[in-house]
Amino acid sequence: MLKYSTNRLLYKSRVTDCLLLLFSVACKWVSSYITLSFCIFSVFSTMTPYEITILTHLLLLFQDLLPLTLSLLQPPHNPPMHVPTLVLHTPTPLTRSRFSAEAQLDFTTHCNYSCFHRGEQEEPREQLMDKLAFETLYADGFRTLTTVEVEDDDDDALHPTHLPPWTRVKHRRMKRQIYGADGRFNIQGDNFLLDYPFSTAVRISTGCTGVLVSQQHVLTAAHCVHDGKDYVHGARKLRVGFLIPPSINGTKTGLIPNKKPLVRWVRVKRTRVPKGWIQGPQEVSMDFDYALLELRWPHRRPFMRLWVAPSSDNLAGNRIHFSGFDSDRPGELVYRFCPVEEESSDLIYQHCDARPGASGSGVYGRVWDNTLERWERKVIGIFSGHQWLEIDGENRDYNVAVRITPLKFAQICYWLHGNRLDCTPD
């Protein structure tokens with residue numbers, strides 16, 4: 001009996017030592033993996049199968065929480081991001097839009113190895129400037145085209161993205177846009193619908209989602225308002241919808257269970273779409289699948305600031321988040337988060353569950369703000385849709401977001417502020 005009690009005390013002591021060591025690894029980023037391995041091995045040798053199972057689950061839990069804990073405790077040392085300076089030319093009048101296109105909410109593209117690595121090749125300056133030109137659509141249907149130039153002579157300013165190489169991952173064919181168990185959450189209740197960051201998500205009258213990025217601007221996907229050849233029919237009288245919870249719109253939620261929020265619609269004054277999206281092959285134009293909508297008057301809700309998308313290694317927990325109005329859950333705001341699977345110079349590949357209607361959602365992550373010296377939620381991309389990626393003869397399917405590069409940041413920022421002085425990520 002004494003021997004049994006002694007073994008149990010020794011076992012508990014070793015378990016405690018291992019857990020304390022794991023905690024030290026998570027909190028201090030000071031670890032000795034050899035010591036940790038010997039510690040776990042010595043504990044396992046004195047444990048029953050049931051006890052081994054319990055400790056294994058604890059270790060797996062630590063393994064899941066460790067990346068997030070380390071990223072939160074050890075902020076990355078990011079050098080100041082240089083944003084190129086755009087010089088805009090005088091807008092050129094265009095013919096009025098016919099609004100003949102149909103909104104394509106279920107947006108899918110295909111890409112191969114050369115397509116995936118296209119952004120790593122140095123693109124001719126003229127072609128890049130052509131893609132950064134943009135159209136402006138006014139409420140009366142009048143259009144203009146604005147061409148741009150980049151003042152920077154430094155090539156790194158035009159091609160600054162340095163990402164890890166593509167890694168071979170074990171892949172299996174999955175149901176498109178929903179991957180395994182559905183990991184989406186409905187956001188309900190006044191405290192959540194009106195709380196940041198969920199309050200930054202808005203509806204687009206063409207059936208998409210957008211994100212508030214200023215007191216008068218909404219960022220969304222370009223394919224929600226333009227099919228690449230013409231503006232969609234619904235863009236003629238484009239509106240943005242703000243959710244009004246039942247308790248605010250006068251409905252007594254206690255009398256009507258599961259009452260969905262109402263929507264207050266606001267007309268759009270001006271829409272801007274990059275020329276890189278217009279009249280290009282879809283596998284190329286997807287890199288520019290974003291548009292900015294200017295409201296007729298300012299709103300009073302909090303908005304989320306834009307940021308140049310860092311490498312996923314510099315996102316807290318390597319995770320992205322977005323909220324949208326998925327078509328299979330009408331009237332509901334749906335939130336999801338997931339790790340970044342892969343990334344190219346212009347796209348973020350992930351398996352966040354999503355359905356049509358979520359297109360245009362603001363993809364955000366927690367990034368380290370050097371000025372505020374803390375982790376902040378920032379919009380680093382726009383959810384676009386689905387892409388089949390063919391790598392080494394193997395088809396892989398992903399949900400895809402357009403990443404905000406320094407050039408895109410400079411372009412969108414100019415749309416927001418109308419000047420270059422305010423267009424720095426700090």
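How many bridges join strand S8 (residues 201–204) to S11, and do they run parallel or antiparallel?

A: A note on the model comes before the details. This is a predicted model, in which local features need pLDDT of at least 70 and side-chain atom pairs count only at pLDDT 80 or more, while totals for chains, interfaces and linings use all residues. Residues are numbered from 1 along each chain as its sequence is written, and side-chain values use heavy atoms, with hydrogens and water left out.

Now to your strands. S8 and S11 are joined by two bridges and run antiparallel. Strands here are DSSP runs of type E with at least two residues, helices are runs of H or I with at least four, and both are numbered from the N terminus. Two strands pair if DSSP finds at least two bridges between them. In this pairing, Ile204 stands opposite Val240 in S11.

Strand S11 covers residues 239–244, and five of its six residues are buried. Buried means under 20% relative accessible area, exposed means over 50%, and partly exposed lies in between (1.4 Å probe, protein chains only). S11 also pairs with strand S12 (residues 262–274), in the antiparallel sense over six bridges. There, Leu243 stands opposite Val263.

Let us return to Val240. The largest nonpolar core has 75 residues, and Val240 is among those with the most contacts inside it, along with Leu132, Leu219 and Leu306. A nonpolar core is a set of buried Ala, Val, Leu, Ile, Met, Phe, Trp, Tyr and Cys residues joined through side-chain atoms within 4.5 Å. Helix H9 (residues 406–417) gives the largest share of this core, seven residues. Leu219 touches residues including Leu292, Leu306 and Ile412, if we skip residues up to four places away in sequence. Contact means heavy atoms within 4.5 Å.

His217 is buried, with a relative accessible area of 7%. Beyond its neighbours within four places in sequence, His217 is in contact with several residues, including Leu292, Leu293 and Trp415. Its side chain also makes a polar contact of 2.7 Å with that of Ser214. A polar contact is a pair of N or O atoms within 3.5 Å; within protein, one must be able to donate a hydrogen and the other to accept it, and residues adjacent in sequence count only if both atoms are side-chain atoms.

Finally, look for the disulfide between Cys208 and Cys224, whose sulfur atoms are 2.1 Å apart. A disulfide is a pair of cysteine sulfur atoms within 2.5 Å. Cys208 lies in the loop between S8 and strand S9 (209–212) and Cys224 in the loop between S10 and S11, so the pair ties together parts that are 16 residues apart in sequence. The torsion about their S-S bond is about -95°, so this disulfide is left-handed. Both cysteines are tucked away: Cys208 is buried at 2% relative accessible area, and Cys224 is buried at 0%.
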